[in-house]
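The following exercises concern one protein structure. Please work through each task before reading its solution.

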Amino acid sequence: MRVGFRQGQFEDASRPNWDGDAARPIHWFAWYPAAEDAIEAALSVAPWPQGWFKTGPVALNAPLAGNGPYPLVVYSHGTGCNGLQFEWLARELASHGFIAVAVNHHGNSNAEPDRAEAFLCSWERPRDISLLIDHLVADPDFAGRIDENRIFAVGYSLGGVTATALLGAIMIRSPFEPGANLGRGPREFPDLVDHLPRLMDQSQIFRDSWARMSASYHDPRIKAALLLAPGRSVQGFSADSVAAINVPTHIMVGGADALLPAARWLHERLPDSAFDIVAADAGHYVFLPESTELGRTSDPAICADPPSVDRAAIHRTVIAAALKLFAR
């Protein structure tokens, strides 16, 4: 099946951007079944990082194939990543008859400058996904072509936290508030915790967001979720809210990932969850796309795996797990 690709952007008028001078932007990327006469070519769009990752061919802005309606998979990226890094899984899902769509989370992706507010207030992300679903089912290119009874979520790292919130988990403690002891900040923002007092003192937009921490972001349209190396922030969810989730989930994580304890914590509390360690020596970044030699040279921490780890093989395992989970 040919795979089409398009991207777009809309705004959430109910929330300001972090500067407070416009509405919150939501930029999305979609892979989908395309017409058989669509012409595929290499994917080349920003913010693909400097040729670090391999990509497969897509048909840019091709019309959807005539069949359908198609199930929808929505994706939330990790901290400092972007929606395009869903490409390896999204393209495979599209070739199997899914519409697969990712979003860039404002201020928390490498598509724009990092914002401490966005890294601290991760609970703004699930709202992006719910609005994305609203937008797509009304978009002229997808309206009437999405099976609204088959909507699924995939989340990687902090995106796994986002997907869990969409299933109904309630955040009761930030990993960066005093006494949380879950770290000072991620790799992309190592002094993040130091920004909290300043923002709380100086930014009304931040204070408004912080007050939304324990709101419910449950979206009952999502019928299953694949959680790839979910982040430490899952331990800020109330155990009762996690235990109340009643949709199938599958957690996959590398055996050498520092976030393995968080993934286990979540699995032990999710009633209908499967759990897999994809490879004993696999680290956190094995769920990013396969890397080029340029990527491995430029940033070996995220692009290079130990000799015992075959990233492509792990990706094939994840693809099979996703197809099985979403077939339920």
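The model is predicted, so local features need pLDDT of at least 70 and side-chain atom pairs count only at pLDDT 80 or more, while totals for chains, interfaces and linings use all residues. Residues are numbered from 1 along each chain as its sequence is written, and side-chain values use heavy atoms, without hydrogens or water.

**Exercise 1.** Determine where leucine 227 lies and which residues it touches.

Solution. Step one: leucine 227 belongs to strand β7, residues 222-228 (a strand is a DSSP run of E, at least two residues, numbered from the N terminus). Step two: its relative accessible area is 0%, so leucine 227 is buried (under 20% relative accessible area, 1.4 Å probe, protein chains only). Step three: not counting residues up to four places away in sequence, its contacts (heavy atoms within 4.5 Å) include Gly155, His250, Met252 and Leu270. Step four: valine 161, 66 residues apart from leucine 227 in sequence, is 8.2 Å from it, C-alpha to C-alpha.

**Exercise 2.** Describe the setting of serine 109.

Solution. Step one: serine 109 sits in the loop between β5 (99-104) and α2 (116-120). Step two: its relative accessibility is 0%, so serine 109 counts as buried. Step three: a polar atom of its side chain lies 3.2 Å from the backbone nitrogen of alanine 111.

Technical notes
Helices (H or I, at least four residues) and strands (E, at least two) are DSSP runs, numbered from the N terminus. Buried means under 20% relative accessible area, exposed over 50%, partly exposed in between (1.4 Å probe, protein chains only). A polar contact is a pair of N or O atoms within 3.5 Å; within protein, one must be able to donate a hydrogen and the other to accept it, and residues adjacent in sequence count only if both atoms are side-chain atoms.
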